[in-house]
Amino acid sequence: MPSPCDPQHAPAGDVGAALMLIDSRLKGIHDGKTATDPGQQALTDQVTASLGPKEANDVLDGTCTLIFMFMQWLRTACAEHDEDVIAYVVPNLVATMRMMPKSVRPEVIPTMAGLVIAAATDLSPNLWRKQYGFWTEEEMNPLEATAFLLAEQINRLTNDPDFATRLITEALSDAGWY
């Protein structure tokens, strides 16, 4: 029986904008900026403020699409080494988020783990989450952190600080989106 959370039913959203936000965070961390650069934060705030409700929802869907694509890549990589992707990704994700109490409230960590597990089991993270109601404001930073942490895990696994970004841009280019 087909699932209502099947990825074919999910909107892709604005993957480009979501990737830009995640890539910006990755580059900031790799440049040694553990705190958000005020100029970068002002630019991010300006872009975010310019979004209407539809555009903001598109970026949210795009972030979920990134999570799905990252987990698909990680699932393939884990399968090549006979490892379970959920066992490989989720404990590290949860432990890292628990160390981020200013950005990630403890009560949203199970939701973020659920998004990753949904993607690992070939379900759409955004459709899986939407079955529990509307997204909350408290989930926005953790959602970004989830995509960031997955990208960083891919980058560390490949020993290439730009691999995750390149993975997505190449997939979008191959699909004719870029």
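**Loops, helices and their surroundings**

A: With a relative accessibility of 36%, aspartate 122 counts as partly exposed; buried means under 20% relative accessible area, exposed over 50%, and partly exposed in between (1.4 Å probe, protein chains only). The model is a predicted one, in which local features need pLDDT of at least 70 and side-chain atom pairs count only at pLDDT 80 or more, whereas totals for chains, interfaces and linings use all residues. Residues are numbered from 1 along each chain as its sequence is written, and side-chain values use heavy atoms, with hydrogens and water left out.

Aspartate 122 belongs to the loop between H5 and helix H6 (125-130). Helices (H or I, at least four residues) and strands (E, at least two) are DSSP runs, numbered from the N terminus. Although aspartate 122 is not a glycine, its phi is positive, about 70°. Most residues other than glycine have a negative phi.

Aspartate 82 follows H3 and lies in the loop between H3 and H4. Its phi is about 55°, again without the residue being a glycine, and with 75% relative accessibility aspartate 82 counts as exposed.

The expected span of a helix is 1.5 Å times one less than its number of residues. H3 has 28 residues and reaches 41 Å from its first C-alpha to its last, close to the expected 40 Å. Helix H4 (residues 85-98) has 14 residues and reaches 20 Å between its end C-alpha atoms, close to the 20 Å expected.

Which residues of H4 are buried? They are Val85, Val89, Val90, Leu93, Thr96 and Met97. Seen down the axis of H4, these buried residues fall within an arc of 140°, so they line one face of the helix; the arc is that of the directions from the helix axis to the C-beta atoms. An α-helix has 3.6 residues a turn, so residues three or four places apart point the same way. The face of H4 turned away from its buried side carries the exposed residues Ala87 and Arg98. The cover over the buried residues of H4 includes helix H3 (53-80), helix H5 (109-120) and helix H7 (140-158).

H7 has 19 residues, which should span 27 Å, and its end C-alpha atoms are 27 Å apart, in agreement. Within H7 lies alanine 147, which counts as buried at 0% relative accessibility. Leaving aside neighbours within four places in sequence, alanine 147 is in contact (heavy atoms within 4.5 Å) with Ile22, Thr63, Ile67 and Phe70. Alanine 147 is 35 residues from methionine 112 in sequence, and their C-alpha atoms are 9.7 Å apart in space.

Just after H7, asparagine 159 takes a positive phi of about 55°. Aspartate 160 is found in the loop between H7 and helix H8 (163-174) and is buried, with a relative accessible area of 19%. Apart from neighbours within four places in sequence, aspartate 160 is in contact with Asn155 and Arg166. Aspartate 160 and proline 142 are 18 residues apart in sequence, and their C-alpha atoms are 24 Å apart.

A search of the whole structure finds two aromatic pairs. In one of them, tryptophan 128 and tyrosine 132 have ring centres 5.3 Å apart and planes at 65°, so this pair is edge-to-face. Rings of Phe, Tyr and Trp (its six-membered ring) pair if their centres lie within 6.5 Å, and planes under 30 degrees apart count as stacked, over 60 as edge-to-face and the rest as tilted. Tryptophan 128 is buried, with a relative accessible area of 18%, whereas tyrosine 132 counts as exposed at 55%. The charged end of arginine 129 sits over the ring of tryptophan 135, 5.2 Å from its centre; the criterion is NZ of Lys or CZ of Arg within 6 Å of the ring centre and within 35 degrees of the ring normal.

As for disulfides, each defined as a pair of cysteine sulfur atoms within 2.5 Å, a search of the whole structure finds zero. Cysteine 5 is in no disulfide, and the nearest cysteine sulfur, that of cysteine 64, is 12 Å away. Cysteine 5 is buried, with a relative accessible area of 5%, and cysteine 78 is buried, with 4%.
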